[in-house]
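Okay everyone, let me put my structure up on the screen.

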Amino acid sequence: MNILILSCNTGGGHNTSAKALSEELERRGHKSEIVDALAFGSQLYSDLICKSYIEMTKVAPKFFGKVYNKKSKQGELTNEIEEKLGIDLKTPVYAINSLYEKELLEYIEEKKFDAIIACHIYPSQTLTHMYRHKHLHIPSYFINTDYDPTPMIEDIENITVFASHKDVVSGFLSRGVPKEMIIPAGIPVSGRFNNPLPKNVARAKIEGINEDDKIILIMSGSMGFGSSVDTASYILENSDEKTKIIAITGSNTKLKNEMEEKFGETGRVIVLGFTTEVPLYLAACDVLMTKPGGLTTTEAAVMNVPLIHTSPIPGCETANAEFFQKRHMAIKTTTSEEAAMEAVRLVNDSFLCDQIKAAQKNYINPFAARDIIDHILKEKSTS
């Protein structure tokens with residue numbers, strides 16, 4: 001098969017899930033291509049949308065949360081109006097994303113794709129517009145990369161939805177997604193997270209840490225959100241010399257420089273910027289502190305790493321944190337000090353760590369990428 005995978009650069013999770021699916025297809029001898037869907041509108045359009053998203057979540061997270069919740073409620077209201085008036089309504093964002101339909105359709109036809117996977121709601125809206133006007137005649141699939149239905153999910157039609165877990169299916173149903181179109185396969189992660197290195201082997205590959213150290217990994221996300229400096233300061237002040245920190249700051253060079261300047265001489269903090277070796281550091285650590293992004297959280301749970309969720313961006317990250325906390329797969333915190341306190345407690349509590357690991361094994365599907373591709377290939381073979 002030849003499959004088009006559409007993503008979007010509003011955060012690293014969408015691209016990460018796209019790569020995981022592409023890897024699985026390649027492993028089975030199938031072709032795929034990952035494309036930024038918004039670039040069909042223009043690269044300027046893509047850059048503008050993604051930059052606006054990132055800046056809003058950094059500078060005005062509470063406002064972002066209100067927008068997120070408003071879009072969710074807008075979907076519920078839209079469903080009510082559609083039912084009463086017997087008409088189909090879509091959100092304004094749907095209208096915007098339909099504008100590059102022609103360019104995307106030409107690309108699909110030129111490349112002769114057999115199916116399409118969308119890892120973001122935006123291209124799913126464009127694909128829906130194609131289906132509604134009978135321009136598209138191959139199957140499409142949407143990957144929901146959080147533990148909550150994405151806002152504007154009510155916009156999509158004729159697209160199979162791969163949900164993160166069976167417990168979130170009711171949320172999709174309440175937003176108008178037909179039951180037969182929902183498959184709770186899980187969030188796809190790279191196969192590298194399914195076969196982690198033994199802890200001692202991973203630690204031997206990282207300069208500055210020893211086999212018997214207690215390692216707390218702080219991840220700020222692909223865009224470097226979070227109060228990592230305050231968190232690290234508290235941990236160092238309230239733990240012994242064997243407790244060390246690995247801090248991954250993502251693309252936030254300002255944060256990286258600040259942490260190196262403040263902690264570089266302590267011998268207890270390793271500061272990294274963007275890295276492709278996340279599985280190595282997850283394998284080496286005892287506890288992970290991270291914002292509750294859908295992909296990072298799932299990757300950690302697949303590798304069975306005790307989790308502390310730091311203050312989330314209001315919206316989908318809040319829902320992710322609540323989902324994990326209710327199932328005892330992570331400890332949810334709301335401030336830097338609280339997160340640091342819990343990290344010091346958890347890294348010294350092997351019983352609680354084991355409970356969190358057991359819950360993760362119970363609730364998280366580590367082979368979601370495999371199961372999603374299984375379904376797509378089987379559906380294609382029987383069509």
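**A buried aspartate and its neighbourhood**

Let's start with D286, which is buried, at a relative accessible area of 18%. Before I go on, keep in mind that this is a predicted model.

So what does the D286 side chain meet? It meets the side chain of K199 in a salt bridge, at 2.7 Å from N to O. K199 sits in helix α8, residues 199-204, while D286 is in the loop between α11 and β10, so this pair ties together parts that are 87 residues apart in sequence.

Now step along to strand β10, residues 287-290. Which way do its side chains point? V287 and M289 go one way, L288 and T290 go the other way, and all of them are buried.

Okay, who are the partners of β10? One is strand β7, residues 214-219, which pairs with β10 in the parallel sense over four bridges. Another is strand β11, residues 307-309, which runs parallel to β10 and is joined to it by three bridges. There, L288 stands opposite L307.

And how do you get from β10 to β11? Look at helix α12, residues 294-302: together, β10, α12 and β11 make a right-handed β-α-β unit.

Back to salt bridges for a bit. How many are there? The count comes to 20. Let me show you a couple more.

D213 forms one with K244, and the closest N and O atoms are 3.0 Å apart. D213 is in the loop between α8 and β7, and K244 is in strand β8, residues 243-248, so you're looking at a link across 31 residues. Both D213 and K244 are buried.

Then there's D167 with R327, where the closest N and O atoms are 3.1 Å apart. This pair links distant parts of the chain, 160 residues apart: D167 is in the loop between β5 and α7, and R327 is in the loop between α13 and β12. Buried or exposed, what about R327? R327 is buried, with a relative accessible area of 16%, whereas D167 is partly exposed at 31%.

Last stop: E24, R27, R28 and D374, which are linked in a network of salt bridges.

Definitions and conventions. Residues are numbered from 1 along each chain as its sequence is written. This is a predicted model: local features need pLDDT of at least 70, side-chain atom pairs count only at pLDDT 80 or more; totals for chains, interfaces and linings use all residues. Side-chain values use heavy atoms; hydrogens and water are left out. Buried means under 20% relative accessible area, exposed over 50%, partly exposed in between (1.4 Å probe, protein chains only). Helices (H or I, at least four residues) and strands (E, at least two) are DSSP runs, numbered from the N terminus. Two strands pair if DSSP finds at least two bridges between them. A crossover is right-handed if, with the strands pointing away from the viewer, the path from the first strand over the helix to the second runs clockwise. A salt bridge is a side-chain nitrogen of Lys or Arg within 4 Å of a carboxyl oxygen of Asp or Glu.
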